[in-house]
Structures are given as structure tokens and as C-alpha cells.
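Please open the model in a viewer and keep the selection tool at hand. The tour below goes stop by stop.

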Amino acid sequence: MRKTYIDILKGISILAIMLLHFENGIFSSAVNAWIGGFMINAFFFVSGWLQADHPVKLEKAYFQRRWRSLGIPYLAFTLLILVFDLLMALLGEMPLYIFCRDAYKALVLRGIGTLWFIPALWGGEILFACFRKWKLTGKIVVIFLTLIVLQGYAWWAFHFAHTSGALGRILDAPIYALNCCFGAWIIIAGGFYLARFCEKYIFEASLPQKIISAFLLLVWYTLCVNFDFNANFSWMTGIVSSFGLLIFCMVLETLPVMKFFSFLGRNSLILMATHYSIVQELCILINRHYFGGKELLGWRALAFFGIALLLEYPLVWFFNRVCPFMLGKSKQV
């Protein structure tokens, strides 16, 4: 049975991702940081939250399910984006090296555009499953490796990844993918344990108690963002912000307007895969040829965000009804 408040949180998060990808020059850096601190982490958090009622099983059936729900969409949308890149290159609207770059990123699981999220989620889930399944020594090993990878990547990114030109970016792609997996499992774990120990009490709490709890969590998160605490402890603020928003979604899930966010959440995979590498590129193309702008800026960018959101509706229908196999589904939904 689907949990509506989960779909609402996913819908808010995918809308925030789209908004920040289009927004350029309107929001302050603090607003960008506030939105950016939860928008991806909420998906990892939700993954952990939904696992709380299920035993850990790293067996064949698990990998088959995740292959259908994550592996097949990753491959299918990767091929779609590569075809789009190649077509744009043949039309002279995109350098051919973009196609080669995206093919390499897909191969090393860095992912094209927002598709990096899929390998990160799956890798994070596997790491957390190992953490749950293994005894104390195994748990310590996972934590130790996480510290090494996250701190090692921070050092690498500062000294080499973004300062060594094309070679640095080539070497960075697979290392970044590994870093994302180790960063994701911490957020997944946070969602899992909060659901395991707190979900019952949240449901039993009164409406004022839920509102106050969510408000305090988001105030704490806001203070962290404004005082740059988020930069050093993004995993902690990612968990806190996601938890606060999830409680608010519980409170508001019966409002009619929440159906819009619930729809976006149920189809967040489609929006995640298409909005950045296809729909936004088409908006940039239109802006360049009809408005003379090389990039989307200011209020025009927000106007194109609205257009992109409208374009996602027929795309959702198309993938659900015509190409459900690209979503790992065997029939129309």
C-alpha cells in the first residue's frame, strides 16, 4: 500500500530539483542552499523509511527487483539521452564531445545529468543492507570505509578534481560515483532508524505536536544552512530536513492541493530522468533561437520552468502508457 505522505515528499523534492536547475539569478544563495540541502537527500531518506518494515535480504530476489526498478530505467533513459545528444550534435546544436562525455559518465556509473542518482541510491541501499546484516565488526568496517571514502573524496575534489582540467574530470567521474554511494547510505540509515523508532509516536501525536515538531526541525535546519553548518555535516542536515518535511507532509496530506505533489512523487523517476538532460536542453534551444539568449536567466528561466513542468505531463503519460518497460514495468500503469 502506497503512503501518500511519502509521494508528497518526493513530489516536493523533484519539483525543488527542477526549480533549482532552471532558476538562475533570482534566488539568494541562502535560499538555494536551503532547497539544495534536502531535495536529493529526501529520496535517500524515503528509501530508508520504507525499509523499516522489511527484513534485510541480500538475495537473488532483491537484486532482481532492484534491477527492474532501478537498473532497467538507468539503462533505458541513458540510451534515450545518448540518442538525444547524438541528434543534437548532428543538428549542430551540441558539440559532439558532449555525446562522448555522457557515454563515458554512463559507463562508469557517474550517470548523465541527474541519472547519477540511480546508481547512488542502489549502491547506498546495498551498503546499508550490509550494515544491517553484518555483526559489529562488519558495521565498524562499513563506517570506517565510509569515513575514508568521504574524507578522501573531499581532499581529492579540493586538490585535483576541479583543478586538473579534462583529465581531472575524467578521473573524477568514477570516484564521484563511489563517493555518492557512501554518502547515500548514511541518509538511508537515518530514514530507516527514525521510522523504526519514531514512526509510531508520530502517528499517535496530536496535530499541534506534529506541527511543532516539524517546525522545530526545519528551524534547526535553516539555522544550519545560514551558519554554513550544512557544508560540513550535510548528511545530518539532510536527515533533519527530510524528517521535518515528512512530518509536514503527514499533516497536510489530506489537502486537495497535495494531489499535485503526490502525482509528481509517483512519477518522480520520469521527471528526474528527463527534465534536465532533455526538456531543459530543449528550453535552452528555444531560448537561444527565439530570444537570443545563450542561457536561461532571471524571470525568463522561471517561465521556462513552468513550460517544462507542463511538458512533463505528456512525458509521464507516454512512459507510463506506451513505454512502461523503460520504468521496469511489464504493463501499463
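What follows is a list of selections and what is found at each.

This is a predicted model, in which local features need pLDDT of at least 70, side-chain atom pairs count only at pLDDT 80 or more, and totals for chains, interfaces and linings use all residues. Residues are numbered from 1 along each chain as its sequence is written, and side-chain values use heavy atoms, with hydrogens and water left out.

**Stop 1: helices 1 and 12**

Select residues 4-22, which are helix 1, and residues 258-266, which are helix 12. Helices here are DSSP runs (H or I, at least four residues), numbered from the N terminus. Two packed helices are described by the angle between their axes and the distance between the axes. For helix 1 and helix 12 the angle is about 80° and the axes are 6 Å apart. Axes are lines fitted to C-alpha atoms over the stretch in contact, and angles run from 0 to 180 degrees between N-to-C directions. Helix 1 is therefore roughly perpendicular to helix 12 (under 35 degrees counts as roughly parallel, over 145 as roughly antiparallel, 65 to 115 as roughly perpendicular, and the rest as oblique).

Now show side chains. Residues of helix 1 in the contact (heavy atoms within 4.5 Å) include Thr4, Asp7, Ile8 and Lys10; on helix 12 they include Met258, Phe260, Phe261 and Arg266. The residues of this contact divide into eight nonpolar, four polar and three charged. Ala, Val, Leu, Ile, Met, Phe, Trp, Tyr, Cys and Pro count as nonpolar, Asp, Glu, Lys and Arg as charged, and the others, Gly among them, as polar.

**Stop 2: helices 2 and 9**

Select residues 29-38 (helix 2) and 207-226 (helix 9); their axes are 10 Å apart and the angle is about 125°. Helix 2 is therefore oblique to helix 9. The contact joins Ala30, Ala33, Trp34, Gly37 and Phe38 of helix 2 to Leu218, Tyr221, Thr222, Val225 and Asn226 of helix 9. By type, these are seven nonpolar, three polar and no charged.

**Stop 3: helices 3 and 11**

Helix 3 covers residues 41-51, and helix 11 covers residues 234-252. They pack at about 70°, with axes 9 Å apart, so helix 3 is roughly perpendicular to helix 11. Asn41, Ala42, Phe45 and Trp49 of helix 3 take part, with Ser234, Gly238 and Ile239 among the partners from helix 11. The contact has seven nonpolar, four polar and no charged residues.

Centre on Asn41. Is Asn41 buried or exposed? Asn41 counts as buried because its relative accessibility is 16% (buried means under 20% relative accessible area, exposed over 50%, partly exposed in between, with a 1.4 Å probe and protein chains only). Leaving aside neighbours within four places in sequence, Asn41 is in contact with Ile187, Ser234, Gly238 and Ser242.

**Stop 4: the nonpolar core**

A nonpolar core is a set of buried Ala, Val, Leu, Ile, Met, Phe, Trp, Tyr and Cys residues joined through side-chain atoms within 4.5 Å. The largest has 96 residues, and Trp49, Trp185 and Leu246 are among those with the most contacts inside it. Trp185 touches Gly124, Leu127, Phe128, Phe131, Val142 and Thr146, not counting residues up to four places away in sequence.

**Stop 5: two loop residues**

Leu109 lies in the loop between helix 5 (96-107) and helix 6 (117-133). Its phi is near 70°, a positive value in a residue other than glycine. Leu109 is partly exposed, at 42%.

Finish at Ser206, in the loop between helix 8 (165-204) and helix 9. Ser206 is partly exposed, at 32% relative accessibility. Draw a distance from its C-alpha atom to that of Leu145, 61 residues apart along the chain: the separation is 41 Å.
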